[in-house]
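Take a walk through this fold, from the whole chain down to single residues. Keep the sequence and the model side by side.

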Amino acid sequence: MGTATGAFGVATPVVGGSRVPARLGCGGRPRRHVGCAGLRAVLRVDETGRVPVATPFGIVPRDPLSLPPMVSLAWEQAEKATADTSHSAMKRRLSELEPTLEGRDVSRKLAALQELNFFPPEIASQVLLKCADDSVDELVRSQAMFTAVLYLRQIMEASQETEVELQNQPCFQAVVGRLSTDGSPTVRSAAAGALGQLRGEAVLRALERSFMEEKDWLVQMSVAVSLGSLSDERATPSLRKALNRFDPKHCENDSLVVQGVVGALGQLGAEEAIDDIIRFAHSNDMLVRQQVAEALQAFADERAAAALETMLDDEFEVVRLQASRSLAAVREMLK
């Protein structure tokens, strides 16, 4: 995913062609300069100089200098880890964090959990899994879902894990388990969103199983969005089946779920689903119609163009504008 709403960043110096922090840490504390290559290797700095940080609502790219002071401690320890293969300093810091993570102050637990972003999975996975089982606060469990995915990314990048091995990873099992059994729709939705950050057969099957069994609209929407983000055409039949359960003339109570499914089918470019999408072009819900107009721009198909032309007369300007933009894109592709 690109940027996330609510992410705050500050300007950083340009080092070696990339934005990376130079001499000041959070709160203006002096810190030693670390080479760009070292930072990228340890802290997964992207091309914009940001690092992925888990929150209860998703993975947010953050400028390192905008990290809270507590989290910046992990950054500093991770810098030192490049020269300390035993990770002794990080292990000591982890032992200091455990009482906070086991405490009852939710804000402190979330900050400490965010610190785990910068610990190697082999050191901190067991502590993270305890957070995923936190019985007190759903925000902690939700954030643990996204941190688990960050760990899985590291594991897969480091060892080229196969899909079978991914299924056997405790972090993956924890996320899938929360998706199916957590009593909070918020946590199940977070688990679905977290799985959308991964790829592969095991991920697809877990999401499809949830889509068939889940009754809560928030989770259904999150699952639909994640299925679209997989870029896996094998998700198309499940999404089509879900969409055809709804009545275009009476979908106002299911608007967000329908929008999620329509958007996912458009993201997948599922040509076999064009007629399913078009069926909602004159839905009684304005936001669904707007999503249909947006989704149809993915198809170089005369059926999409014809449907968009009829939507140019929609009673709402926002739908008309989206239909006009999408129609121009479809006509360009049809040339």
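This is a predicted model: local features need pLDDT of at least 70, side-chain atom pairs count only at pLDDT 80 or more; totals for chains, interfaces and linings use all residues.

Residues are numbered from 1 along each chain as its sequence is written, and side-chain values use heavy atoms, with hydrogens and water left out.

The chain holds 17 helices and 4 strands. These are DSSP runs numbered from the N terminus: helices are H or I, at least four residues, and strands are E, at least two. Of the 335 residues, 54% are buried. Buried means under 20% relative accessible area, exposed over 50%, and partly exposed in between, with a 1.4 Å probe and protein chains only. Contacts (heavy atoms within 4.5 Å) reach across the sequence. Among those with a separation of 6 or more, 65% join residues 24 or more positions apart.

The largest nonpolar core has 83 residues. Such a core is a set of buried Ala, Val, Leu, Ile, Met, Phe, Trp, Tyr and Cys residues joined through side-chain atoms within 4.5 Å. Leu116, Leu195 and Leu239 touch the most other members. Helix α6 (residues 138–159) supplies the largest share, 9 residues. Beyond its neighbours within four places in sequence, Leu116 contacts Leu94, Leu97, Leu101, Ala124, Val127, Leu128 and Tyr151. Another core, of 5 residues, lies apart from the largest one; Val45, Val51, Leu67 and Phe118 are among its members.

Next, a helix pair. Helix α13 (residues 255–268) packs on helix α15 (residues 286–295) at about 5°, with axes 9 Å apart. Axes are lines fitted to C-alpha atoms, for helices over the stretch in contact, and angles run from 0 to 180 degrees between N-to-C directions. The two helices are therefore roughly parallel, a term for angles under 35 degrees. From α13, Ser255, Val258, Gln259, Val262, Gly263 and Gly266 meet Leu287, Val288, Gln291, Val292 and Ala295 of α15.

Two serines in loops complete the tour. Ser283 sits between α14 (274–278) and α15. Ser283 counts as buried because its relative accessibility is 3%. Ser231 lies in the loop between α11 (217–229) and α12 (236–243). At 61% relative accessibility, Ser231 is exposed. Its phi is near 55°, a positive value in a residue other than glycine. Most residues other than glycine have a negative phi.

Note on methods. Angles under 35 degrees count as roughly parallel, over 145 as roughly antiparallel, 65 to 115 as roughly perpendicular and the rest as oblique.
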